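I opened this model with a notebook beside me and jotted down what I looked up. Here are the entries, in the order I made them.

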Amino acid sequence: MEKLVKILKKPVTSTFIAIICGFIVASVVLCIAGYNPIEAFNALFKGILSKPKYISNTIIKATPIILTGVSVAFAFKTGLFNIGAEGQYIAGTIAATIVGIKLNLPAIIQIPVVILAGMLAGAIFGGIVGLLKAKFGIHEVITSIMLNWIGLYLSNFVVGSETFHQPDSTSTYMINESGFTTIFGNYKTTEEGIKFFSQHKWLSDIMIKTDVNIGIIVAVIMAIVIWVLLYKSSKGYALRAVGSNRDAAEFAGINVDKNIIQAMVIAGALCGLAGALAITGTSPHKLSTMAAFENNGFNGLSVALIAGSSPIGCIFAGLLFGGLLYGGQSVQSAIGAPSEIINIMIGTIVFFVALTKMVPVLADRLLKRGEKKC
């Protein structure tokens with residue numbers, strides 16, 4: 001009994017329970033709608049794992065939400081709710097597109113400049129939120145939501161501007177190829193590259209048919225960097241101290257306002273990085289008119305919750321989320337079930353993750369019952 005209680009009290013156990021509950025609820029909804037849950041989940045997992053290109057596309061889909069998830073998780077640990085991840089992500093795509101179109105430097109310079117431009121734009125959006133919170137006490141949720149909309153309409157303004165708008169389209173010009181972060185981008189189209197990949201079918205399936213890029217490598221590195229920053233550095237200790245108890249941190253001599261601003265700048269930069277990598281790493285490498293949010297930032301909120309605000313956990317939660325989003329398309333095409341089923345599943349998982357504190361309580365009750373019986 002004691003071993004079972006210890007297992008139940010672990011955060012990862014609560015997350016797994018939440019995921020299982022999500023699948024159970026989705027199964028019930030599918031049954032009510034007249035679909036076979038086994039067939040639906042079979043189609044889901046086939047749409048994620050059955051072909052190399054599906055696995056590759058899942059990773060590509062997961063990359064931006066891993067980074068936005070890490071951003072939200074980092075903000076949570078510092079006592080801030082970064083609901084503005086979407087706007088910061090959009091700011092990153094805007095800056096990366098503008099710089100990527102205007103500059104055409106050698107790739108070794110162009111790529112870092114374009115990515116840094118995206119990070120800077122995201123950091124500015126995040127910094128504004130932090131500054132208003134620190135200096136004027138304006139809640140970050142209010143300012144973040146407003147900046148999300150500013151980001152969306154600013155993006156559409158850039159798309160429609162005379163300088164960047166591509167005629168007879170609803171998008172900007174594509175950024176210069178020297179800014180692409182795709183792997184083997186130019187080599188894939190050469191005669192030598194085509195010959196090589198034709199001899200390796202599985203590699204061809206990944207490299208030729210998907211936008212394989214460096215994004216996932218950067219995302220994993222940044223998750224590790226943020227974990228080290230939070231738990232292995234004095235700056236991380238100060239940031240977490242402010243998040244845990246602002247008054248106690250101030251009493252201990254920590255500059256609370258400064259740390260709030262810095263936390264939001266870092267969180268914004270991570271989202272801006274996600275946006276920049278989306279532009280440089282995936283087709284069509286440009287901005288398009290948006291009628292609504294693309295949800296890469298908002299999905300980061302769910303990823304952070306599923307991961308329990310763990311930067312490393314965001315890697316796995318992001319891959320799960322990316323798999324559900326990408327594989328969910330197969331459910332609709334295979335058995336005709338609406339793709340909204342996947343959204344219900346995701347929502348249910350997040351809902352039960354929010355109730356994870358109940359699991360340790362239930363574990364304690366089981367232990368007490370066991371002791372009474374003895």
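**Charges.** I counted 28 positive and 18 negative side chains in the protein chain, and the centres of the two sets come out 11 Å apart. For this count Lys and Arg are positive, Asp and Glu are negative, and His and the chain ends are left out. Each charge is placed at NZ of Lys, CZ of Arg, CG of Asp or CD of Glu.

**Ground rules.** I am working on a predicted model, where local features need pLDDT of at least 70 and side-chain atom pairs count only at pLDDT 80 or more, while totals for chains, interfaces and linings use all residues. Residues are numbered from 1 along each chain as its sequence is written, and side-chain values use heavy atoms, with hydrogens and water left out.

**Salt bridges.** How many salt bridges does the structure hold? I found three, taking a salt bridge as a side-chain nitrogen of Lys or Arg within 4 Å of a carboxyl oxygen of Asp or Glu.

- Glu-140 pairs with Lys-133, with the closest N and O atoms 3.0 Å apart. Glu-140 is buried at 3% relative accessibility, and Lys-133 is buried too, at 17%. My cut-offs are under 20% relative accessible area for buried, over 50% for exposed and partly exposed in between, with a 1.4 Å probe and protein chains only.
- Lys-209 pairs with Asp-205, and here the closest N and O atoms are 3.4 Å apart. Lys-209 is exposed at 54%, whereas Asp-205 is buried at 11%.
- Asp-257 and Arg-246 meet at 3.3 Å, N to O. Asp-257 belongs to helix α13 and Arg-246 to helix α12 (residues 246-251), so this pair ties together parts that are eleven residues apart in sequence. Both ends are partly exposed: Asp-257 has 25% relative accessibility and Arg-246 has 35%.

I then looked for exceptions.

- The peptide bond from Ser-283 to Pro-284 is cis, with omega near 10°. Pro-284 sits in the loop between α13 (256-281) and α14 (296-306).
- His-285 is in the loop between α13 and α14, and its phi is positive, near 60°. Is His-285 buried or exposed? I get a relative accessible area of 5% for His-285, so I log it as buried.
- Asp-168 also has a positive phi, near 60°. Asp-168 lies in the loop between α7 (140-160) and α8 (191-198), and with a relative accessible area of 86% it is exposed.

**Whole chain.** I noted 17 helices and zero strands; helices (H or I, at least four residues) and strands (E, at least two) are DSSP runs, numbered from the N terminus. Along the principal axes, the C-alpha atoms fill a box of roughly 75 × 60 × 35 Å.

Of the 374 residues, 49% count as buried. The chain exposes about 18,500 Å², with carbon and sulfur atoms supplying 66% of it; I used Shrake-Rupley areas with a 1.4 Å probe, and for residues only the protein chains shown count as cover. Finally, among contacts (heavy atoms within 4.5 Å) between residues at least 6 apart in sequence, 75% join residues at least 24 apart.
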